[in-house]
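User: I have a structure open and want to learn how to read it. Can we go through some features together?

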Amino acid sequence: MLIRFITFGENPAIVIGRERGLFAARGLEVETTVTRSSTEQMRGLGVGTYEVASTAFDNVLAWSGREGADIHAVAQASQRMSLPVYVRPEIHDWDDLRGRLLAVDAVDTAYALVLRRILQAHGLDLNRDDYRLDGVGATGPRFESMESGKTFAGILNPPWDKKAEEAGMRRIADYREVLPDYPGGVFAVTTQWAGAHRAELVDFLKCLAEAVDWGNDPANRAAALQLLRDAQGLDDERAVKELASLPATTELNLPGLQVPLDLRVSFDMAPGKGTDLTAYYDLQYHFEAT
């Protein structure tokens with residue numbers, strides 16, 4: 001069975017599962033699409049263009065119940081996020097961002113809320129019109145917007161952080177200053193697809209668990225790094241970072257998932273299905289798989 005998978009960047013567990021034949025052994029083919037924005041990603045998941053997404057949990061919060069989609073997180077996709085804030089060269093301190101346009105993916109989800117919380121800690125508040133947000137899309141488009149001079153700050157994930165530094169931009173903050181327990185990404189599906197394809201989803205999660213266990217085994221470190229280098233054309237530094245992003249387990253980090261929910265509520269942006277965390281994840285498939 002073909003599983004159409006949409007993500008912001010190659011997921012190392014998916015790469016390991018594909019390259020080591022774990023998916024193929026269970027009759028699965030995973031076709032990866034790299035998205036340009038969370039709106040494209042989550043809308044595509046909701047309407048069935050894609051079966052599985054690797055995304056920030058806040059996108060699950062924001063989109064479950066929106067446009068008729070019922071979306072749940074079913075497994076952990078990454079250990080933690082890398083969410084550094086970069087500014088253009090002419091920005092020397094936080095006050096220089098007043099009145100400026102800042103780059104985000106979508107203005108009301110995920111890293112936009114993280115950026116708002118970081119700015120809030122430095123005396124800048126969107127509700128006072130201290131700055132404005134421009135929803136330009138994923139990290140690549142955010143970098144392009146900043147490089148062009150249209151926007152002046154944004155969260156730039158690897159490998160775009162390196163490109164930003166090469167372009168003269170400067171790292172000024174990191175989410176861990178204000179949200180140290182913000183969770184890594186999750187694998188998400190719609191309730192409709194999961195219910196109709198339970199066996200395939202369980203097999204998919206079995207493959208992910210095997211891939212994560214293999215990648216985390218110290219005895220396999222050299223082989224795992226070589227696999228990631230070869231499969232993705234990575235240099236040594238990037239391969240090490242990719243491998244380090246594997247979660248310790250594919251089991252959902254439930255205390256971590258509470259953090260983006262609380263953050264959303266703090267900005268008076270409670271998700272459509274309410275503030276009970278259990279409405280946004282489903283453990284049954286992972287339990288069966290592992």
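This is a predicted model: local features need pLDDT of at least 70, side-chain atom pairs count only at pLDDT 80 or more; totals for chains, interfaces and linings use all residues.

User: Strands first. In which sense do strand 1 and strand 2 pair, and over how many bridges?

Analyst: Look for bridges between two strands. Here, strand 1 (residues 2-7) pairs with strand 2 (residues 29-34) in the parallel sense. Six bridges join them. Take Ile 3 as an example: its bridge partner in strand 2 is Val 30.

User: Which residue of strand 3 is the bridge partner of Phe 5?

Analyst: Val 52 is that partner. Strand 1 pairs with strand 3 (residues 52-55) over two bridges, in the parallel sense.

User: Now helices. At what angle do helix 1 and helix 10 pack?

Analyst: Compare the directions of the two axes. Helix 1 (residues 12-19) and helix 10 (residues 221-232) pack at about 90 degrees, and their axes lie 10 Å apart. Angles of 65 to 115 degrees count as roughly perpendicular, so helix 1 is roughly perpendicular to helix 10.

User: Which residues make the contact?

Analyst: Helix 1 gives Pro 12, Val 15, Ile 16 and Glu 19. Helix 10 gives Leu 227, Leu 228, Ala 231 and Gln 232. By type, six are nonpolar, one is polar and one is charged.

User: Where is Ser 245, and what does its side chain reach?

Analyst: Start with its place in the chain, then check its neighbours. Ser 245 sits in the loop between helix 11 (236-244) and helix 12 (254-266). Its side chain reaches the backbone oxygen of Glu 242 at 2.6 Å. Leaving out residues up to four places away in sequence, Ser 245 touches Pro 12, Ser 78 and Gln 79. Pro 12 also belongs to the contact of helix 1 with helix 10.

Conventions
Residues are numbered from 1 along each chain as its sequence is written. Side-chain values use heavy atoms; hydrogens and water are left out. Helices (H or I, at least four residues) and strands (E, at least two) are DSSP runs, numbered from the N terminus. A polar contact is a pair of N or O atoms within 3.5 Å; within protein, one must be able to donate a hydrogen and the other to accept it, and residues adjacent in sequence count only if both atoms are side-chain atoms. Contact means heavy atoms within 4.5 Å. Two strands pair if DSSP finds at least two bridges between them. Axes are lines fitted to C-alpha atoms, for helices over the stretch in contact, and angles run from 0 to 180 degrees between N-to-C directions. Angles under 35 degrees count as roughly parallel, over 145 as roughly antiparallel, 65 to 115 as roughly perpendicular and the rest as oblique. Ala, Val, Leu, Ile, Met, Phe, Trp, Tyr, Cys and Pro count as nonpolar, Asp, Glu, Lys and Arg as charged, and the others, Gly among them, as polar.
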